[in-house]
Amino acid sequence: MESGRIQNLRTDYNYSTVPTKILNDNRLSATAKGILAFLLSLPSNHNINKKDLPKYFKEGYYALNQAFEELVKHRIVHKVEVRDKKGHFKGYEYVVHEFPKKRFGEQKKVLPSRNFRKSEILNPDDILINKVFNEDCLITMSKMPDNYVDLVLTSPPYDHLRSYNGNNKFDFEKIAVELTRIIKNGGVIVWIVGDGIYKGSETGTSFKQALFFKEYCGLRLHDTMIFEKNTTTYPSKPDGIRYTASFEFMFVFSKGKPKTVNLIADKENRWKGTTNFGQKTDRDENDQLVPVKKFKPIPEYSPRTNIWKYITGNGYSTEDKFAHQHPAIFPEQLACDHILTWTNEGDIVYDCFAGSGTVLKMAKQLNRKYIGSEIVKEYCEIIAKRLQP
Ligand SMILES: C[S@@+](CC[C@H](N)C(=O)[O-])C[C@H]1O[C@@H](n2cnc3c(N)ncnc32)[C@H](O)[C@@H]1O
């Protein structure tokens, strides 16, 4: 019998209740009902290991395993996949609820793509560095070893707002697990996304994705930044019900603490050079307030806020007029600012939804190595043009 922690989620401490619905359920064997009654009789939140079940029953391993699987099949016991922070599969846990529950989202299996054995690629740099792949990003990532990329800077298709020649659907969970695998320890993913409006209200897709990266993939949500635009295609009307939407989220995830952070200090300080804000004090070892002797003047510039504003639209996001054949490019300056913040020269920058190639172009200009995936052939042609020397 395979191992796996069994957790009992009983709501009452004094009674072990087995719903009559389950006792009368002819699909379950007597052994399955017995296992359930036993598990529910354990103290609430008590954990035992599945492989220890035979210690408590007369039945043998095989019969118990069969009966346990009946409980899993009928969703009385929930089988949950356990993964480490890198997304590697570590085994299963079982949660026993007092009453059958519907499947939770997090119980779905999400396996990294394995259609191309990464370990077989001896020199991944030779086939990946400074290349753009006209294919599903899952295929590109399956060629990458673990802990390979320094920065993923990308903007996925969101909520059917654009069609991208019919490529606005993608396997988000698989891609998130793969991105987690391929970034280095201390590497960063910047995920730029907004929400569509469905039946008059926001879908919340951006939040769901952010929580998946955090809760399921085990990445740190390092910062939730805002990309503010000066213009919009859909300004609100006086008789409308919502203010003009003028921003997207820039979720910054990291695998552990970010290894590279070069904060852009371009916020000019109004009181630069001055020190005369009164006497600054600090506490000494006796908790007494004492004047601070070395009082540094306010610097000329300080790091900017996490709300970044750009002039967007045709002719502003890029001077490459032909690039606007792509319907959703983001500003070159935005890509530049993230690349400078989270990487150093020579680092690898990957855009799994390369679109018109904005990220790749800026990575090249800033002496970083780039890798791109873009599923639409016509967009790859735009990228090739933008990457020309
Ligand atoms: C929002 S756009 C990216 C725009 C890009 N940031 C730019 O500045 O041009 C998303 C792109 O992802 C592409 N795409 C969608 N699913 C994909 C997948 N599974 N693999 C690779 N590219 C995909 C779409 O064709 C689209 O061009």
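In which hand, left or right, does α8 pass α9 in their crossing? The model examined here is predicted, with local features requiring pLDDT of at least 70 and side-chain atom pairs counted only at pLDDT 80 or more, whereas totals for chains, interfaces and linings use all residues. Residues are numbered from 1 along each chain as its sequence is written.

The chain has ten helices and 18 strands, where helices (H or I, at least four residues) and strands (E, at least two) are DSSP runs numbered from the N terminus. Of its 389 residues, 29% count as buried; a residue is termed buried if 20 or more other C-beta atoms lie within 10 Å of its own, exposed if 12 or fewer, and partly exposed in between, with C-beta atoms placed from the backbone. Among the contacts in the chain with a separation of 6 or more, 71% are accounted for by residues 24 or more positions apart, two residues being in contact if their C-beta atoms, placed from the backbone, lie within 7 Å.

Helix α8 (residues 332-342) passes α9 in a right-handed crossing, a crossing being right-handed if the near helix is turned clockwise from the far one by less than a right angle, and left-handed if anticlockwise. The axes of α8 and α9 (residues 358-365) come within 9 Å and cross at roughly 55 degrees; axes are lines fitted to C-alpha atoms, for helices over the stretch in contact, and angles run from 0 to 180 degrees between N-to-C directions. The two helices α8 and α9 are therefore oblique to each other, given that angles under 35 degrees count as roughly parallel, over 145 as roughly antiparallel, 65 to 115 as roughly perpendicular and the rest as oblique. In this contact, Glu332, Ala335, Cys336 and Ile339 of α8 meet Thr358, Val359, Lys361, Met362 and Ala363 of α9. The residues of the contact of α8 with α9 comprise six nonpolar, one polar and two charged, where Ala, Val, Leu, Ile, Met, Phe, Trp, Tyr, Cys and Pro count as nonpolar, Asp, Glu, Lys and Arg as charged, and the others, Gly among them, as polar.

The residues of the contact of α2 with α3 divide into eight nonpolar, one polar and one charged.

Strands β6 and β7 run parallel and are joined by five bridges, with Thr154 opposite Trp191 in β7. The pairing of β7 with β11 (residues 247-254) is instead antiparallel, over six bridges, and places Val193 opposite Phe249 in β11. Eight of the eleven residues of β7 are buried, so this strand is largely enclosed by the rest of the structure.

Helix α6 (residues 172-182) is likewise largely enclosed by the rest of the structure, because eight of its eleven residues are buried. The buried residues of α6, including Ile175, Glu178 and Arg181, pack against α5 (137-142), β6, β7 and α7 (205-216).

Most residues other than glycine have a negative phi. Asn130, although not a glycine, has a positive phi of about 60 degrees and is placed in the loop between α4 (124-128) and β5 (131-133), where Asn130 counts as partly exposed with 15 C-beta neighbours inside 10 Å. Asp287, also not a glycine, has a positive phi of about 65 degrees and lies in the loop between β13 (281-283) and β14 (289-291); with 6 C-beta neighbours inside 10 Å, Asp287 counts as exposed.

Definitions and conventions: Pairing = 2+ DSSP bridges.
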